[in-house]
Each structure stands twice: as C-alpha cells, then as structure tokens.
Amino acid sequence: MSLPIPQLDNVEFETLVEQARARIPLYAPSWTDHNIHDPGMTLLDLVAWLVDQESFQAGFISDAHYQAFAALLGVRSQAAQPAQGLIWPPQTPVAGTMPAAGVDLALAAPAHCPEQPELGYQSARALHISAANLLALFSDGRRFDLATREQNPILVLHDSLQQRVPDTLELLFDRPLLNTATQLPLSLGFELLDLPLAEVDSAKPSRSSGSLIVDYRLEISGEPWRRLSLEEDTTHALNHSGYALFKLPDEAIALSIAAGAGVQSRLRIRTRGRINPIPARIQRLSLNVLPLVQLQTQAQAPLSRVSFGLPDESFDIALDGLPTGENIDIEVEEQGVFELWQEVDSLKTAGPADRVYALDRSRNSLSFGNGLNGRIPVKDAQIRHRAYNLCRGDEGNQIADLNWRMTGAPGLAGDVIFGSNSTAISGGEDAWTLTRLRAEAREQILQRQALLSNQQLSQAALQLPHAAVREASVLVGFHQDLTCRKLPGSRTLVITPERDPLIDALDAVPARYATHILQGLRPRQVLGEKLYVVATERIAVQVQADLLIADGEDIEAVLTLARMRLDARLTDVPNALDRCDLALDLKAGYDQLDDIEPWPAGRDLSCQEMQVLLAQTPGVLAVRTCLIARLGQAAGPEDIALSALEIAIGREHQLSAYDSSATDTDRQNNAEACYDCR
C-alpha cells in the first residue's frame, strides 16, 4: 500500500481573494471601500497571487524531485547503453578473405551485418589479426587434433582453490603468432559452458576473482616459455565467457619474425587465484576473436547556426543515444582560431571568463554562459563539435549466428566476411525515461531487504554470483576461536563451497574464499552486527565392517557398492560418484546412490548410522561388526564428535565379507543380531 500524497495546492486565486475580502470587516472595520479600484484591494490581490504561487510550488513534484528521491535509494538515471558482442572467425577460413600476413585492426574499424545494414557497428578494441591457424589442443596430457576444423572439444581447466599447481591448456599453431612488428595486442576468445549455479547476468566478478596467465614459445629446441603481458581479461580468470588481450615481449616478436612461417608456436594458458571453485568448462576458444560494439560516429560538423553573442544561448545538438562515458568536445571560433571549451554539469559555479558549456540530454540542447556564470561566445562565432559516437540502444541487440563484414581494414580486400557471433549481441539499452526511473525506484524499494533472518543470510550467500556456495548455515553468537562462549550481536555464516568431485576434498579452502563471500554480503549486512564467514573443515574418517553377503551374489560387486554408498554419504558434495565408470550388475543399488545426502557440517559420526547404511546395500544380509575412526587413529565403536565446522569425509574404508562356508545357524544368528541396524 502506497502512502497518501497530500494535495497542498487546493485553493485557487479567486478563492484566496474572496476569503481575504471577507475578513476585512473583522480586522479593519474602518476600511469600507472593497472595490477593485482601491489600492488596498490591489495589495490584497498581490498577496493572494504570492500565496497561490507558493502553494503550487509546495505541492508540485518535478522531474528533479523524482530523480533526487530515486538517488536516495541508490537508483540513478542511466544513459543509453550500446550493444556488445564477440565476432568469432570461421572454423574453416574462407579462401581469399583473410591475408597470409597478419594485419593491424584499428579501434572503431567499421563493421556491419548484412541482415541489419542500417545499424553501424565498430571494433571495440585495436588489435592485431594474426595469420596463425590453430592445429591442436593439449589438455590433461591428451591431444585434440583440430586440423579438420571440427567442433572444439569441451575442456575442463582446474584451478588452485586448493592451492596446488593449476592444470594447463596448451594451444599449438601452424606458425608464429606474429610475422610483423606491431604494438597492438592479440586477442583470444573463450566460450564457457554455463555453470550449474544461479548467477545474475549483470553481476561481474571483482579483480580478486583471480588472474589469467598466458605463456608463449616457438617450437624450437631449447626455446623457453616467455610470459605475455595481459592487457585485458573480460573473463576474469575464466569465470564467464569473454576475451583476453595480450602482448608478446619484444624478444619474442623478433624471434617470431626471424623464424618464418615454417616454425610452429604454442600458447600455454593457466589460471591463478580463481575464486570460483567450479572448474572452467571451455566449450570453444579461438585466436583473433573481435570484440564488437554498436556505435555510429557523428563526424565533426558545425552547429546549426553561429553565435548571436547573447547570454544563455542554446543550440540544438543530437544527443539521443549518447552512451555513458562518451564525451562531446565543443570548439568555438575566436579570432579565426577554434578553441576547445570544457563541458560542466552546471554553469552556476562557473566564472565570467570560463570557457564552459552544459549539455541538456533530455532536450538535445547545448547552453553557454551569461557573462557572469560562464563566458559568452563572441557574436558571429562559428561553433562546431568534434566527432562523437551515438548508439541505438535496444535496436543494437542481435540474435546469434549472423555473418559480419569488416570494411576498410588494412590488408583485407574491401568488404569481406570476418566471422559470426556464436552468441547474441546484447547489452543494448535505451536511455531511461522518467517512467523507467520511477519503476526502477519502486522495484528497489520492494527488493531492498537487510539480511535480518538467518534464512535470508543463508539464501543471500547461495545466490552470490561467481561464488559457488553449495551449503550455507548460520550459527548465532558463534565464533570459531571462542567456542566456549556466546558472543551477543554476532553471527557466523558457515559455507560449504562447490567443488569438482575429482579434486581431493581434504585440501583446505583458502581464507580468501570466505573473505570474498563476506565482501559480497556487506551491502545488505545489518548495521552494527558482527558477521563472520568461515568455510567448513573436512575431516577424513574410516569405516571398518564385516558384511554377510547373500548366496549367489557377486561378493566383490556388493562390497564395491557398499563402499560407494559410504562415499556418497561421507562427502561434502552431492553426486560425487557421477563420473565413476564401474560396471555393476546391481543397477538398482547404483540408482539408489542419488538418494543419499552428503554429510552435514557439525553432525557427529556414529557406528549405528554406518551400520544402517551398509545393511541397506542390495545383497547384504547383515553387518556383523562396524567400527569407525578418524583416519590414522585406532577404530572403535564409539561415536566421533565433530565441531560445528567439520564435515566427515570417507577415506580408505575396510570392508570384508563372511566366508561362504559359514553354516546356516551362523548366518541366522548374525542376521538376528544385526536386525535392528537394517
């Protein structure tokens, strides 16, 4: 329910005059002439007019008021946003379109799509187009030959969340990456599979998300790896799809030119300090990926007229679609020479001699000063703008798989097909109107919630983009260093990160991971509350048990399935056995693994629960003995106490089966003894 808005301007001018006239006999009985010609009535009309104007101003809500109210909520009007995307070269190069030698592609080189010829696009970065062709990929010791230009394989690149040496990905090219001296960087594009996490599209990971490391060498005996200078990385250490720009050192450029086209070259890609614990799954990568942006250049031109030499002069200028960060440089002619003037937000603070101007984007106008606040251009002065860019906002967004052409690029024959966009050209957005601003402010009011309850805090951690939090729980008044007492006004968020099941779960989670989570939660943190974020600790435990196997069952298969059930329970991630290639005849038992939940943090480990888990294995009649222990300690029937931060992780289970020669009486007695555990 919205609050009522009081109507302050509810009395008209005539009503105010009549109300004042009616009070004259009460306050001035000697004033008997109430006609319009009386000077007193003239003053009364003037006062009524002033009251009417003040009432109107007090009740009027202007655009500036709405913008100020929205700013209090952190919502501000946004200028138009240009659409952006990546153009990928074809898997099979088209003969005659790309030069045999590398070429430099300048910033803002024109590009267009034949399906949308009226929209102008341009290169978003200046870069060098290499003539090298990708021959093969090397990952995890395997070679993927791409000489046939088939679809790239999906590659998994692990990282150092567990602070180990990260896996590497190597790219083999048919020649050196450079065959000419250039100061422009090369581009390398990455297309990643979507992570199995809820991510906000507009959310970008911070620089603390990690770094991308690229090395280069020629395939010459004794040639060392040389570290490349990373100019830009929009993937933020392979957290999402994007491109990286890198430069070769001068010695590598000289060696590449001297080696000639007959020598192969190699790139090595690694990540370091990547926050996201989910390994990067690379679906596609390519050299010479071109970042594209939808911008149309307005060439340098004079304004519609010359200056009249009057104060507060305004001129028309096209500002629709002016993107954020785009500046318009205005030059004013003085004594035959064009001088560059400076744009300011407001002319009110300018001095009489300041060469400044102000832009009004809502009215497509440009204003100069009045001689007191900003200088007045001299009479008949020519005024012109330098070249600037405009975008088409929403119109610039395009579907995937369109062909793109580059015009006038050096070394390219005229208008040639450069490549296609494998994903949509997106991000284009029109400038906000007042209606859009009010709608966004309302949405901010509805969604803006402090993390008051424990459930809200846990859900916020699970929804943090690029964090990969699998489980989150809250301990009120808990601190990991002061477990013996309760701290008022404090909460500890216990998080369990996602991980690749093939990575050893016993490696400690780095402290910077918890710091990354805490930084993401701070904007919604309760004022004055002490909030701590800690990751769970993984404790290795071992189960030792003797199992009675039913007649006719494959003993090894049953024992294997029993171990798998233990591992599916004693773990911190679900479905940890999805990649197991065991061929089991007990298909029903294998399907039941999906119903086993991972071990929760802080839950003590008991023999009874392990007995039940083993006894429910298909093919197991009974569990004779069951002992548990922390790995490396003596096993026993006593429960293992775990702290609030510890998770039991199964390791090196020792399971054995009854001898098949056991008598029926022995089997019956053992089955009756273990009946309760089933």
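Leaving aside neighbours within four places in sequence, Ser 265 is in contact (heavy atoms within 4.5 Å) with Leu 171, Leu 172, Phe 173, Arg 175, Pro 176, Leu 177, Tyr 216, Arg 217, Leu 218 and Glu 219. This is a predicted model, in which local features need pLDDT of at least 70 and side-chain atom pairs count only at pLDDT 80 or more, while totals for chains, interfaces and linings use all residues. Residues are numbered from 1 along each chain as its sequence is written, and side-chain values use heavy atoms, with hydrogens and water left out.

Ser 265 belongs to strand 15, residues 265-272. Helices (H or I, at least four residues) and strands (E, at least two) are DSSP runs, numbered from the N terminus. With a relative accessibility of 0%, Ser 265 counts as buried; the term stands for under 20% relative accessible area, against over 50% for exposed and partly exposed in between, with a 1.4 Å probe and protein chains only. A polar atom of the Ser 265 side chain lies 2.7 Å from the backbone oxygen of Arg 175. Between Ser 265 and Leu 177 the C-alpha to C-alpha distance is 7.0 Å, although 88 residues separate them in sequence.

Of the contacts with a separation of 6 or more, 75% are between residues 24 or more positions apart. The chain has 678 residues, of which 44% count as buried, and its secondary structure comes to 12 helices and 35 strands.

Seven of those strands form an open sheet with mixed pairing, in the order 19-25-21-22-23-24-20. Two strands pair if DSSP finds at least two bridges between them. Strand 19 (301-302) and strand 20 (314-316) are at the edges and have a single partner strand each, so one side of each has no neighbour in the sheet. The pairing of strand 19 with strand 25 (residues 383-385) is antiparallel and runs over two bridges. Within strand 25, Arg 384 is the residue opposite Pro 302.

The loop between strand 19 and strand 20 contains Ser 307. This serine is buried, its relative accessible area being 0%. Its side chain is joined to that of Glu 313 by a polar contact of 2.9 Å. A polar contact is a pair of N or O atoms within 3.5 Å; within protein, one must be able to donate a hydrogen and the other to accept it, and residues adjacent in sequence count only if both atoms are side-chain atoms. Not counting residues up to four places away in sequence, Ser 307 touches Glu 313, Phe 315, Pro 377, Val 378, Lys 379, Asp 380, Ala 381 and Ile 383.

Helix 11 (residues 607-615) is another mostly covered element, with seven of its nine residues buried. Those buried residues are Cys 607, Glu 609, Met 610, Gln 611, Leu 613, Leu 614 and Ala 615. They pack against strand 32 (537-549), helix 9 (555-569), strand 33 (620-630) and strand 35 (654-657).
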